[in-house]
Structures are given as C-alpha cells and as structure tokens.
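Here are my notes on this one, ligand site and then sheet. Have the viewer open while you read.

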Amino acid sequence: MRTLQETFTLANGVKMPRLGLGTWQIPDGDTIYETVKSAIDAGYRHIDTAHAYANENGVGRAVRDSGIPRGEIFVTSKCPAELKSYDLALTSFDATMSALGLEQLDLYLIHAPWPWAEMGTDYSVANREVWRALETIYASGRARAIGVSNFNIADLNNILEHCTVRPMVNQIRYFIGDIQDELAAFCKAQGVQVEGYSPLATGAILENAILLEIAAGHGKSVAQICIRYVFQKGIVPLPKSTNPKRLAENAAIDFELTHDEMTRLDELHDIATHLEGPRRAT
Ligand code: A2P
C-alpha cells in the first residue's frame, strides 16, 4: 500500500511515515504484541504509544521481534501529562526506554499541557521546564525528534517563545465533525507537523448517514473515508485497531476525496454519537 510508504519530513529533517498505528487503550501483553506485529506485517512503519497507555513493553517487544531493521520503524512515546518538572520528565523518559527495550526513540512528546485531572489549568512555567528536559533528551541523541500533544495555540506559543529547539510535532484529536483547523494552520505556519489521534472518533462516527453515502460512492468503508480525510488534510492519522483485517483496511486509502466531498465533510459538526476519552485541548 503506497500510503504506508509515504513520509513527511519534520523540521529537523527526520522522516515520519504519513500514517501510523494508534495504541491508546490496547492492553499490554499478548493483545498489544499481536496488534503491533500484525500492523508491521501489514506494512505499518509508524507506531504511536505513550507511557500512560501502559503498553510500551509489548510495543517494544513487537518492534524488536519484527525482523524489520530498527531504523525503518518510527516509534513515538509520550511523557505523562502529570509529570511537570525537568527531573520527572528525564526519569520518565528512562522508564519509557527501558519498557520499550530500545536504544533510541523516533519521537518523544509531552502528552498534554496539564495533568488530565486538571484540564485547562495553566502549567506554562512547568511546561517550559518539561520542554527543557525534552531538549536535553534530544541533544543526547536518544530521541530523534521532540514535540507536544494536546497543545493549543497559547500552549505552543509558550514553548516557541522560550525554547532552544522548536517542537517538531503537535499530536491532537482530529476527526470529521471535530476538526481543529485554526490550530492546524497555526502549526503549519510554525513548521510543526500535526498528527491526528482518534481519526474514527473512537468509532463514534462510523454510522453517520453522510459518511455512509460518500463511502458507498467510492466503494470504501466509512473508516477509510475518515482516515483519508485526515490524510488529505496533511495531518498524520493514527487510527487504532486490534483487528488484523481492519488494520489492513485502515491503511488502504490510496484514493482521492474530491474537493466537494472534502468541503462537505469540513462542514459537518458534532456528529459523534457516543464519544469516549478526553475532550479536545482548545
Ligand atoms: P477494533 O480495535 O475492534 O477494530 P480511533 O482510531 O478513532 O481511536 O478508533 C478506534 C476504534 O474504532 C476501536 O474501537 C476500533 O475497534 C474501531 N475500528 C478501527 N478500525 C475500524 C474499521 N476499519 N472499521 C470499524 N471499526 C474500526
């Protein structure tokens, strides 16, 4: 599948595959191991995890056992949102690397600008400290790129105005009906690549009548329309599935949504029926 071979080049020259596997809520042990293994067998070369997902162990084991040269798989992890100091971030990075069993990470992100239990609270001073830790990690060569997640424009400006190394990525929630285009445009203008998590709205938009109609017109599934939409926006979709058939389906998006279809999809709002997980950052 062509899509799985395409890459974006981050601001520091590192290449990131344009589509990745999300692993939020996939349990450690056999489930994550088999999922990552199936994804790699299907051609995925980009795996997104986080310390908070508690599955880094299985992700690392599957990557190491895959037989694919380490340099050909892009692995991301994240510093827990609750850890808001320089020292805690450095210690957590060590824990991530030993759980993964890898020498080097491709991308390390600050998971959120605030602890999840305090969403919206101003942690700007502490975030600058955590960012300084990520700069130290980057300088050591143990992470090839660094960035943030769930940061809004103000959160990003706080880092951009004080950093030595600029964030290369912002990973945000992004799906049809709940897009964050002002933030995405700001990131683009700043040279920050956007990744989109929950491109299927964790499954909550798959029955939408308009999406079903567009999918039928292309002979594709609604999931494929959702992922293609994010991809065509220039954002890296990180769909998640534990099912090998769906893993392959989610990467088979070598088709084009028309300009009119993209506009129609842009205009949909709040179509998620039973959304789980955190609300968006802005
Ligand atoms: P499963 O793991 O059983 O495939 P998101 O990527 O937005 O977080 O959505 C993930 C959810 O969507 C999971 O519940 C996953 O279930 C489901 N899912 C993933 N791919 C597909 C697909 N191609 N068709 C239907 N549901 C899917």
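1. Helices (H or I, at least four residues) and strands (E, at least two) are DSSP runs, numbered from the N terminus. Helix α9 (residues 244–251) gives the most to the shell around the ligand, namely three residues.

2. Some housekeeping: the model is predicted, so local features need pLDDT of at least 70 and side-chain atom pairs pLDDT 80 or more, while totals for chains, interfaces and linings use all residues. Numbering runs from 1 along each chain as its sequence is written, and side-chain values use heavy atoms, with hydrogens and water left out.

3. There are 16 residues around the ligand (a heavy atom within 4 Å), with L200, T202, S241, R246 and N250 coming nearest. The shell splits into six nonpolar, seven polar (Gly counted here) and three charged (Asp, Glu, Lys or Arg) residues.

4. Now the polar contacts (N or O pairs within 3.5 Å). R246 puts a polar side-chain atom 2.7 Å from a ligand oxygen. From the backbone, an N or O atom of T242 lies 2.9 Å from an oxygen of the ligand, and a polar atom of P199 is 3.5 Å from a ligand oxygen. How much of the ligand does the protein bury? Taken alone the ligand exposes 560 Å² (Shrake-Rupley, 1.4 Å probe), and 79% of that is buried by the protein.

5. On to the sheet: eight strands, open, all in the order β3-β4-β5-β6-β7-β8-β9-β10 with parallel pairing (at least two DSSP bridges per pair). Its edge strands, β3 (21–22) and β10 (236–238), each pair on one side only.

6. Inside that order, β6 (residues 107–110) and β7 (residues 146–149) pair in parallel over three bridges. L109 has G147 of β7 as its bridge partner.

Technical notes
Polar contact = N/O pair within 3.5 Å; in protein donor to acceptor, adjacent residues only side chain to side chain.
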